[in-house]
Amino acid sequence: MPERNIHEEAVSAWRAGWTGTLAQPALLDLFERALDALWHRAHMSLGEMTLMAIVDRVIHQGGEQYPHLARLKIETSGVHFGELRHSVQEFDRVLLEESLVFLVYELLRVFGSLTGEILTPGLHAELHKVRALASQGGKP
């Protein structure tokens, strides 16, 4: 029997109800809020420099598979989507969603692995608080 993947389950549950329904700008808004929520929650335990290093590494790795992720910028306040936002209409919606899901999943996985899953329940809870807005085509 395959091993249970709690991060994959959390991301799938979070996406239920809006997967495949949001346009590119709405996807960016949603994932920017999700990363912001994860950033703030992890910052309490990991601190600024450690958090920046982890997120930078995950974005770098993601950029190898999804080159557009390299347009994300990491600063002390979090991940900024400005450069990606300016060109969002260039990207296939499905590929964009896939890349952003990869990013959230991989951050959860790395945070969990590095902390012995101590941060996992709180990070999953924060993620589930972030909802697609009804005006964006998703369910609130």
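Trainee: Which residues do ring pairs link into a cluster here?

Mentor: Trp14, Trp18 and Phe31. This is a predicted model, where local features need pLDDT of at least 70 and side-chain atom pairs count only at pLDDT 80 or more, while totals for chains, interfaces and linings use all residues. Residues are numbered from 1 along each chain as its sequence is written, and side-chain values use heavy atoms, leaving out hydrogens and water.

Trainee: How many aromatic pairs does the structure hold?

Mentor: Rings of Phe, Tyr and Trp (its six-membered ring) pair if their centres lie within 6.5 Å; planes under 30 degrees apart are stacked, over 60 edge-to-face, the rest tilted. The structure holds four such pairs. One of them, tryptophan 14 with phenylalanine 31, is edge-to-face, at 5.2 Å centre to centre and 85 degrees between the planes. Tryptophan 14 lies in helix α1 and phenylalanine 31 in helix α2 (residues 24-46), so this pair ties together parts 17 residues apart in sequence. Helices are DSSP runs (H or I, at least four residues), numbered from the N terminus.

Trainee: Is tryptophan 14 buried or exposed?

Mentor: Buried means under 20% relative accessible area and exposed over 50%, with partly exposed in between (1.4 Å probe, protein chains only). Tryptophan 14 is buried at 0%, and phenylalanine 31 is buried at 1%. Phenylalanine 31 also pairs edge-to-face with tryptophan 18, at 5.9 Å centre to centre and 80 degrees between the planes. Tryptophan 18 sits in the loop between α1 and α2, 13 residues from phenylalanine 31, and tryptophan 18 is buried too.

Terms used: Helices (H or I, at least four residues) and strands (E, at least two) are DSSP runs, numbered from the N terminus.
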